[in-house]
Amino acid sequence: SLLLPAIYLGGCIAAMSVFSYVYRRVAGMLCTKSVEPWFGENVEKEQYIALLNCEKSVPEHHLKAALLRRAMQAVHRLKEVQQEKPALQQLMRMGSIGDDLWRDFTVAEQEVVLELQDIAQEANTYKPNWNQTIFSTAAQMLEHERQKILRTEMVALREAEEKRRKIQEAEME
């Protein structure tokens, strides 16, 4: 006597699952919304391309420096993607975010990978096997910039703390 309600409940769940799957696929195909960029404009890439396409001859060390800045930006974006991916995967599994956000993220991830490959190819045109070291150099430069920012923030905090302490000492007297 419990077999009939169990079959009915199973059929309802199966029908809902099929409907949800088909609806998401059809809605995804009919969606005319374009993919929103995950990151802003890549200024470093545009500057590098502008230097390459410059009418006047640009010294090679300027091109190398621009490529290194482009690699720094790509490494920064890669770190962001790597940090955000586990959380977005978890939210996707829980159903907290939509397919469109996940699609935007995967497109951004693919763009970052293509950018890294493009930079590696460009690096080899300037110096053989530079593609093996350019990204580690870029990561080191990013870390150095981050440490410089932290150092200036620490100095500002220390000065503010000293001012506060002097004011408190003056009030105690």
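Author: Helices here are DSSP runs of H or I, at least four residues long, numbered from the N terminus. The model is a predicted one. By that numbering, helix α1 covers residues 3-30 and holds both F19 and Y23.

Reader: How is a pair of aromatic rings described?

Author: By the distance of the centres and the angle of the planes. A search of the whole structure finds two aromatic pairs. In one of them, F19 and Y23, the ring centres are 5.8 Å apart and the planes meet at 25 degrees, so this pair is stacked. The reasoning rests on a cut-off: planes under 30 degrees apart count as stacked.

Reader: Is F19 buried or exposed?

Author: F19 has 56% relative accessibility, so F19 counts as exposed. Y23, at 54%, counts as exposed too. The cut-off for exposed is over 50%.

Reader: Where do nonpolar side chains tend to be in soluble globular proteins?

Author: They tend to be buried together. In this model the largest nonpolar core has 25 residues, and those touching the most other members are L67, I119, Y126, W130, I134 and A138. Helices α3, α4 and α5 (134-172) each supply at least two residues of this core. The most come from α3, which gives ten.

Reader: Which residues does I119 touch, leaving out those up to four places away in sequence?

Author: I119 touches L67, R70, A71, A74, I134 and F135.

Reader: What does one do to show where empty space is left?

Author: One rolls a probe the size of a water molecule over the atoms. Here the second largest pocket holds about 250 Å³ of space. Its lining has 13 residues, and N42, K45, R77, E111 and E115 lie nearest the centre. The elements giving two or more residues to that lining are α3 (60-94) and α4 (99-126). The largest share is from α4, with five residues.

Reader: Where is N129 found?

Author: N129 is in the loop between α4 and α5.

Definitions and conventions
Residues are numbered from 1 along each chain as its sequence is written. This is a predicted model: local features need pLDDT of at least 70, side-chain atom pairs count only at pLDDT 80 or more; totals for chains, interfaces and linings use all residues. Side-chain values use heavy atoms; hydrogens and water are left out. On a 1 Å grid over the protein atoms alone, a cavity is a set of points where a 1.4 Å probe fits but cannot get out, and a pocket is an open set with protein on both sides within 12 Å along at least five of seven lines; lining residues have an atom within 4 Å of a point. Grid points are joined across faces, edges and corners, and a volume is the space filled by probe spheres set on the points. Rings of Phe, Tyr and Trp (its six-membered ring) pair if their centres lie within 6.5 Å; planes under 30 degrees apart count as stacked, over 60 as edge-to-face and the rest as tilted. Buried means under 20% relative accessible area, exposed over 50%, partly exposed in between (1.4 Å probe, protein chains only). A nonpolar core is a set of buried Ala, Val, Leu, Ile, Met, Phe, Trp, Tyr and Cys residues joined through side-chain atoms within 4.5 Å. Contact means heavy atoms within 4.5 Å.
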